[in-house]
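Here is a guided walk through a structure made of more than one part.

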Amino acid sequence: MKAFTRHSGIAAPLLRINIDTDAIIPSTEMKRVSKQGLGEGLFAGWRYLYESNERQGENPAFILNRPDYVGASILLTGNNFGCGSSREHAVWALCEYGFRAIIAPSFGAIFYNNAVRNGLLPIKLPEENIAALAEYCMESPPANRIHINLVDTTVSSNAGDEFHFDIEAVHKEMLLQGLDAIDMSLKHSKAIEGFQAQDRKQRSWAYL
Amino acid sequence: MPKTLFDNIWDAHLITELDDGASLLHIDRIFLHERTGSIALSSMAAAQRTVRNPGHAFCTMDHIVDTFPGRSDETTMPGGKQFITRTRQAAQEAGITLFDLDDPRQGISHVISAEQGIALPGLTIVCPDSHTCTLGALGALAWGIGSSDCEHALATETLKVVKPKQMCVHLDGKLAVGVTAKDIILHLIRTYSAAGGAGCAIEFRGAVIDALALESRMTLCNMAVEFSAFTGLIAPDEKTLDYVVGRPYAPKDEQWEQAHAYWRQLRTDEDAGYDKELHIDCSAIEPTVTWGTSPQHALGISESIPDPAEEDDNSTRLAMQRALNYMGLAPGTAMNSIAIDAAFIGSCTNSRLSDLREAARILKGNKIAAGVKAICVPGSSQVKHKAEQEGIDRVFLDAGFAWRESGCSMCFYAGGEGFAQGERIITSTNRNFEGRQGRGARSHLASPATVAASAITGFITDARRLDNSA
Ligand code: SF4
């Protein structure tokens, strides 16, 4: 997994609430048993124009298609981002497109975990801070970059804004180190075996 | 210290508290399906990891397979066949029990894990699917995870979890006749927003819960995730034990006695506290239907669509405007005046036998309105079989509904099937998101009774207007 320490980049404001994982990556875009090849389907329903279910090229009005936002790597968005389906494809698609961080007032719980597992930093900030960042970015997207520092847990801009964000220690560590959760947990094999030996006595009915 | 139901299950599964603030929890059962399970299993194989306890993992075919009679591995979903065949192969290689297309136990994962007794009170159960919370109705700690966590659970029989905050939703009063669990959960989400349960483990309690049948409790817990909860759960009671007894994977004989004793004490201690408590007076709830593109866009069926201009919160107002635009509706429109093009009964929310019986009661002796496309998809092959034994299939067919094989079907895109651009669907499913049931398709979430009644009249309809037997 890709580690995350610091990142500066173009931030795209997509200030809608309740953006669900079906919107992030529609089911029609998940065509193979693979974690790859999903970037193109990111936000497909909004990003492309359609005529009777056939794609007719890009929708020029969609934020990520505007020339100023080419190369955007930070998404500024609304409450409850990533709600809905558990599809980790949403995170894979965002990562493949080039996003490194999503800034929202809150996230769908499964999406949040999925993001952390893939080195995509989910940052929770109050709505008014996000609005301030969005306003600043929109003035000149390529120039007015946003700076994220996970070590200090801050989001800042050259305009002097600096916001602190909260993140659980476990998530921060995993992201900073780029650690693989399975390898970490396998180190506890002894404890797992010990637990099961005991548990089998107390809850034998739970073991098939 | 007094403990909640959630604390009790959590503590019984706690292997160790980790230095980083997370807990390593034991996972008792893992359920997979061919869309996300196939990826988890392939990715594990690629990393040369093995499934630690294949006996505790199960897999079904529900998300990709189509639901047409005589179905096979071929589907019109692009790449669909690959998901099906790869899943079959991966499950076999890993030694996981697979409920394949032609297996009489096949069905939607959350329906069959309860039906087969794989999900039990007091167990931890995960599935790479957000509606795993359905099984909280049994008093299990069940939640949806992503593929990476699924691999973690398969490889280690554990998950690293940060203990969620806890909420209690008290469902007080008495439901009016014709009002169902679906109406309660839509009402709750409407009242506190789709983010109202953000990240919480929610215990549902109260007189209404005591009175609800087990399958209705599943409908309620199913949509806890639409409330943005970590999961929903309900303490097991006699109804739960009656439901579980004799199911294929449920404990038997001496183990049953042991389990029975364990489950009977599985509840929230008297003075245990929650981080948050909500009270809902259920007596006041009427059949509830969504009008927009979030489950929080819901209304009592006698109400009219609100005017975004009257909404103070900026982002909520913008979302309402977008939703009205997508749905092709105007503020002030009475819910029960909205004409529909299609009716769908199915999904892990409302496709169990009791749901089909309820809809059939309304449909019996009626025909659906001209021009309405109506489809019923039983939640499992077993539900389908039992319904057929009761003659419920005939009622649906005679009314003009299609009667399908079991699976997720048009709840989203299973079998590559969706509703058409602009088509308006009254649906017993759980998500009315943009494009969920087809690009540009307009979904109105409702109970099976409301769906059946609306199919008959061609308009969103309160079933109590038609129902003489209630
Ligand atoms: S029925 Fe719908 S919501 Fe339920 S598991 Fe299948 S796709 Fe998901």
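Start with the second largest pocket, which has a volume of about 830 Å³. A pocket is found on a 1 Å grid over the protein atoms alone, as an open set of points with protein on both sides within 12 Å along at least five of seven lines. Grid points are joined across faces, edges and corners, and the volume is the space filled by probe spheres set on them. The lining has 34 residues, meaning residues with an atom within 4 Å of a point. Closest to the centre are A109(A), Y112(A), K124(A), H171(A) and G199(B).

This is a predicted model: local features need pLDDT of at least 70, side-chain atom pairs count only at pLDDT 80 or more, and totals for chains, interfaces and linings use all residues. Residues are numbered from 1 along each chain as its sequence is written, chains are lettered from A and ligands numbered from 1 in the order in which they are written, and side-chain values use heavy atoms, with hydrogens and water left out.

At least two residues each come from α4 (109-117) and α6 (169-177) of chain A, and from β7 (141-144) and β8 (158-161) of chain B. Helices (H or I, at least four residues) and strands (E, at least two) are DSSP runs, numbered from the N terminus. The largest share, five residues, belongs to α4(A). By class, the lining has 20 nonpolar, six polar and eight charged residues. Here Ala, Val, Leu, Ile, Met, Phe, Trp, Tyr, Cys and Pro count as nonpolar, Asp, Glu, Lys and Arg as charged, and the others, Gly among them, as polar.

Now turn to the contact between the chains. Chain B gives 73 residues and chain A gives 59, with contact meaning heavy atoms within 4.5 Å. Together they bury about 5600 Å², 57% of it on carbon and sulfur atoms. That area is the accessible area (1.4 Å probe) lost on putting the two parts together, summed over both.

Seven salt bridges cross this interface. Each is a side-chain nitrogen of Lys or Arg within 4 Å of a carboxyl oxygen of Asp or Glu. In one of them, E151(B) pairs with K35(A), with the closest N and O atoms 3.1 Å apart. On the side of chain B that touches chain A, α5(B) gives the largest share, seven residues. That side has 28 nonpolar, 28 polar and 17 charged residues. Over all chains, the structure holds 33 salt bridges.

A cavity is a set of points where a 1.4 Å probe fits but cannot get out.

Of its 18 lining residues, H63(B), D129(B), H131(B), R431(B) and R436(B) lie nearest the centre. That lining has five nonpolar, eight polar and five charged residues.
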